[in-house]
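Please look at the sequence and the 3D view first, then read on.

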Amino acid sequence: MRATIIAIILCLSLLHAAAAGDAQFRMPEGNAYEGTPFLVTIEVTDASDVKPPVAPEIPGATVRVVERGRQSMTELRGGRVRNSTSVTYAVEITPERVGSSQIPALTVLVDGKELRSKPQRVEVLKSEAGNLLSAEVIGLPAEGYVGQPLDLILRISVRAFKDPSYGQLNESQMWQLVDLQGSEWGEFQQQVAELRQRNAAPRAQQEVRNGATYFNYELTRRTWPPKTGAPDIGTVRIRMTYPLALREVQNLFLDRQLTISESRPLSVTAKMSGITILPLPELDRPASFSGAVGAFAIAVTAKPTTVAVGEPVTLTLAITDIRGGANLETLQPPALAADVQLAKEFRIPNEPLSGIVSGNTKRFTVTVRPLRAGTAAIPPIEYSAFDPQNRAYAVSRSQPIPITVTPANEMDLSKIVTGGASTTTDASTPGTQLTEVQGGLVANRPVTDALLADERLHTGPIELAGLVLPPVGAAVALAFRVHRARHARDGGLARRSRARRTADARLRAATDATGLAGAITGFVEDMTGRAAGTLTRGDLERVLATAGVDHELRNRIAEFLGHCDRARYAGAATPAELAAEAQRAIDSLDAARLRATNGGTR
Amino acid sequence: MNWFIKLCMAVCVVTSAVCATEASATDVDRTTGAAQRAQTAYERGIQLRRTDAAASLDAFRESAQLWERIHAAGAENGPLEFNLGNAHMESGDIGRAIAAYVRAERFMPGDSDLEHNLSRARAGVKSSFERTGGTLLVDSVARWWHLVPRSVRMLLGWLCWLGFWGTLAAWLIRPNMRRGGAGAAPGAAWRAAIITLLCGATLFGGSVIVDEYLHTSRPRAVLVENGVTLRKGNGDGFEPAFVETLGPGVESTVIEVRPGWLRIELPDGRSGWIRESQAAQL
């Protein structure tokens with residue numbers, strides 16, 4: 001017995017042990033390379049509750065924890081439902097410096113139990129990518145001015161791998177070994193994303209250096225540096241898997257393919273070489289300069305050209321980039337307010353203008369208003385820009401536009417010329433477009449009886465009556481309808497209903513014994529549905545018996561009718577006792593609730 | 001038939017008596033005068049705004065007090081709350097203004113003037129919280145019936161309710177009995193009228209009832225004081241729930257009431273206790 005108990009306990013313990021979660025730590029083998037991440041994989045299995053590992057602090061390395069996969073399972077074991085989860089975590093460690101580095105014990109909390117890995121020392125080697133992989137960012141032109149278009153070119157140079165058995169890999173195959181996702185691309189992120197989307201390789205040039213073939217991949221990004229000094233390109237770090245040996249394998253379709261049998265990771269940070277951004281010179285800077293860099297021409301059109309003082313004239317200013325390459329999206333309009341000639345003759349809005357880019361031209365629209373009659377022309381509007389090719393400011397002027405300005409008739413200039421900037425809003429002239437003034441409250445509602453109403457949902461007597469009475473009324477109507485229908489179906493029913501009232505009336509009207517007897521027999525006829533005047537004294541006993549009247553009452557009725565006969569033949573007046581007896585008899589018959597007999601109609 | 005007519009007459013007499021009792025309980029004349037005075041004070045405030053700011057503010061406050069008195073006298077409807085909100089807004093009491101506008105929303109949802117003024121008031125609230133959760137389905141459905149003002153819906157609901165039962169009763173007691181007894185089916189016209197009225201009563205009356213239920217099941221409150229500290233419990237001895245204090249106009253839901261204290265939930269789901277006097281309950 002004792003041995004059995006011990007065996008059961010042992011089995012239970014084993015089962016419990018089997019049910020507890022476990023974790024396996026896969027540490028990296030071999031050496032690591034500077035700037036190239038390596039992984040420590042943690043596989044947690046059969047756990048009910050898992051807390052992810054915390055990224056440890058490792059001097060000279062960056063660490064992050066990524067959950068790689070999770071699988072949940074529900075099983076029925078020994079009649080009990082048990083949920084378990086398996087999770088795989090990857091601790092990604094990127095060494096930033098060469099030397100020996102200690103990976104501390106990694107801890108994962110599984111089912112409330114701390115599971116630890118063993119600390120491990122890793123030798124971080126310098127990624128000797130110098131002759132295999134290099135990257136640099138060059139500028140075209142190498143020296144430029146603020147706002148001048150600058151092409152940043154990321155040049156990645158990869159030494160073509162040549163296998164003694166299978167030959168040299170081409171530029172497309174070598175590009176596929178670049179880790180596009182794991183690399184950092186800085187300002188070139190968009191270009192790489194487009195390549196990934198198209199599953200394409202960048203433009204490459206082949207170059208032979210010291211007897212080795214190199215593929216030079218180039219990614220170009222145009223920028224317009226906003227400040228002096230070296231342009232900011234962010235961190236550009238290229239990572240790739242460089243092959244050391246190849247082998248040939250067959251796939252499912254028996255096609256022979258080359259795969260990498262041995263490789264090493266490479267990582268290199270792109271260096272920026274010799275790009276200088278100069279400030280725009282202060283010397284000879286025109287007053288109308290608004291920051292444009294390049295070669296531009298300005299053309300102005302006006303509409304209408306015959307107006308009264310204060311009326312709007314729409315100017316369209318077209319700024320054309322002659323050489324191309326300028327960033328028209330950020331191109332500023334001419335500084336009209338600084339144009340003395342224009343400001344002398346026209347009221348110019350202060351609001352900033354927004355333009356529309358079309359091809360190499362950006363168009364701005366502005367509404368000006370002549371200040372005085374007799375103005376003959378819209379003066380030339382100048383647009384100045386810094387020309388980096390000539391390293392000097394250049395001014396372009398539009399042609400003067402003849403215009404006729406007549407005196408205003410009844411216009412209040414002070415009211416009209418406060419108007420807006422561009423094409424859309426004109427506060428002075430009525431039109432279909434109105435600009436809503438923000439803020440302010442809408443006025444009060446007028447004082448009416450509606451202001452004094454109580455619109456809350458009440459449950460007072462009126463509401464209660466309104467809710468209850470209509471159904472009650474409908475129920476009464478239903479009862480009425482049922483009642484009427486019954487009467488319609490059963491012709492004797494109405495007669496039975498009226499029988500008592502009719503009998504009482506007959507009693508009151510009776511002046512002799514015959515009348516009293518008639519009241520009794522009439523009541524029985526009404527109640528039993530027999531035709532009026534058809535019930536004889538002899539039939540009465542049988543009818544009453546059939547109608548369920550008891551023997552005693554039947555005798556009383558028979559006796560009463562006998563008295564009536566005798567009184568009728570005696571010719572005497574009706575005694576009061578006889579009338580009282582008739583009333584009692586009818587009361588008793590009414591109380592007996594006569595049933596309709598077969599001889600009646602229902 | 002006589003007894004049925006007598007019954008109907010008795011019902012009419014009882015109903016009339018109840019109505020007469022209710023009517024006499026409302027002092028309409030007094031509140032009409034107050035409404036006129038409140039409106040006059042408001043208009044005076046508008047006139048003085050550019051010339052005498054202090055007097056204008058006093059006029060707006062007086063207007064707000066008068067509207068409040070009308071409200072306290074038992075009147076509660078959209079236009080009244082709208083005017084009260086305007087008076088509070090002009091007098092700088094943004095919290096009470098929002099409270100009044102939100103109350104007005106119950107009676108005239110979808111009113112563009114009200115939406116404009118309410119959004120203007122809300123724009124002046126310094127603390128804003130992202131709304132989380134919410135009863136999306138109810139809100140979406142309610143948006144449809146909110147196209148019709150509550151008073152109209154209530155009136156239509158009553159008319160449909162009375163019409164439904166009246167039509168049903170008329171059908172039941174109609175003289176044409178050719179088709180037989182009580183169980184006879186109504187004709188197409190009768191059936192259409194009865195079903196239409198029943199649907200109308202359900203839709204219009206039901207929407208008002210649902211509105212009322214939502215209002216009572218999710219009571220709301222608007223902060224009316226400046227520098228309100230949300231606490232972790234219903235007493236000044238409790239620690240503040242948040243470092244920052246809240247300003248007037250912050251809207252919340254009341255989730256618990258204890259003597260003198262309210263536990264409110266902010267639109268982003270966080271909650272805390274405030275003194276009852278610091279909020280206007282809707």
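Which residue takes a positive phi in the hairpin of β8(A) and β9(A)? In this predicted model, the residue is D111(A), with a phi near 50 degrees, and the hairpin has two residues between its strands. Strand β8 (residues 107-110) and strand β9 (residues 113-116) of chain A run antiparallel and are joined by four bridges.

**Chain A as a whole**

Chain A contains 11 helices and 33 strands. It has 602 residues, of which 26% count as buried. Of the contacts in chain A between residues at least 6 apart in sequence, 69% join residues at least 24 apart. T306(A) belongs to strand β24 (residues 306-308) of chain A. Is T306(A) buried or exposed? T306(A) has 11 other C-beta atoms within 10 Å, and therefore counts as exposed, because the cut-off for exposed is 12 or fewer.

**A five-stranded sheet**

An open sheet in chain A is built from five strands in the order β17-β18-β13-β11-β21, with mixed pairing. The edges are taken by β17 (203-209) and β21 (271-272) of chain A; each has a single partner strand, so one side of each is left without a neighbour in the sheet. Within the sheet, β13 (residues 150-159) and β18 (residues 212-223) of chain A run antiparallel and are joined by 10 bridges. In that pairing, I156(A) stands opposite Y217(A) in β18(A). In general, strands of a sheet pair through backbone hydrogen bonds, either parallel or antiparallel.

**Helix α6 of chain A**

Helix α6 of chain A covers residues 461-489, which makes 29 residues. From its first C-alpha to its last it reaches 40 Å, close to the 42 Å expected at 1.5 Å a residue. Where does the helix kink? A kink of about 25 degrees lies at L469(A), shortly before the proline P470(A). P470(A) is itself buried, as are G473(A), A474(A), A477(A) and R481(A) in α6(A). An α-helix has 3.6 residues a turn, so residues three or four places apart point the same way.

**The contact between the chains**

The contact takes 46 residues from chain B and 33 residues from chain A. On chain B, α1, α2 (28-48), α4, α6 (112-123), α8 (150-173) and α9 (188-217) each supply at least two residues to the side that touches chain A. The largest share, 11 residues, comes from α8(B). By class, this side of chain B has 26 nonpolar, 14 polar and six charged residues.

**Confidence**

The predictor gives the complex an ipTM of 0.71 and a pTM of 0.40. For chain B the mean pLDDT is 81, and 80% of its residues reach 70 or more. Among the elements of chain B, helix α1 has the lowest mean pLDDT and helix α4 the highest. The table sets these two helices side by side.

| Helix of chain B | Residues | Mean pLDDT |
|---|---|---|
| α1(B) | residues 2-25 | 51 |
| α4(B) | residues 78-90 | 93 |

Two stretches of chain B need separate mention. Over residues 17-26 of chain B, pLDDT stays under 50, and the model has seven contacts beyond four places in sequence for them. Over residues 177-183 of chain B, pLDDT also stays under 50, with eight such contacts.

Definitions and conventions: Residues are numbered from 1 along each chain as its sequence is written. Chains are lettered from A and ligands numbered from 1 in the order in which they are written. This is a predicted model: local features need pLDDT of at least 70, side-chain atom pairs count only at pLDDT 80 or more; totals for chains, interfaces and linings use all residues. Two strands pair if DSSP finds at least two bridges between them. pLDDT is the predictor's confidence in each residue, from 0 to 100. The expected span of a helix is 1.5 Å times one less than its number of residues. The bend at a residue is the angle between axes fitted to the seven residues ending there and the seven starting there. A residue is buried if 20 or more other C-beta atoms lie within 10 Å of its own, exposed if 12 or fewer, and partly exposed in between; C-beta atoms are placed from the backbone. Ala, Val, Leu, Ile, Met, Phe, Trp, Tyr, Cys and Pro count as nonpolar, Asp, Glu, Lys and Arg as charged, and the others, Gly among them, as polar.
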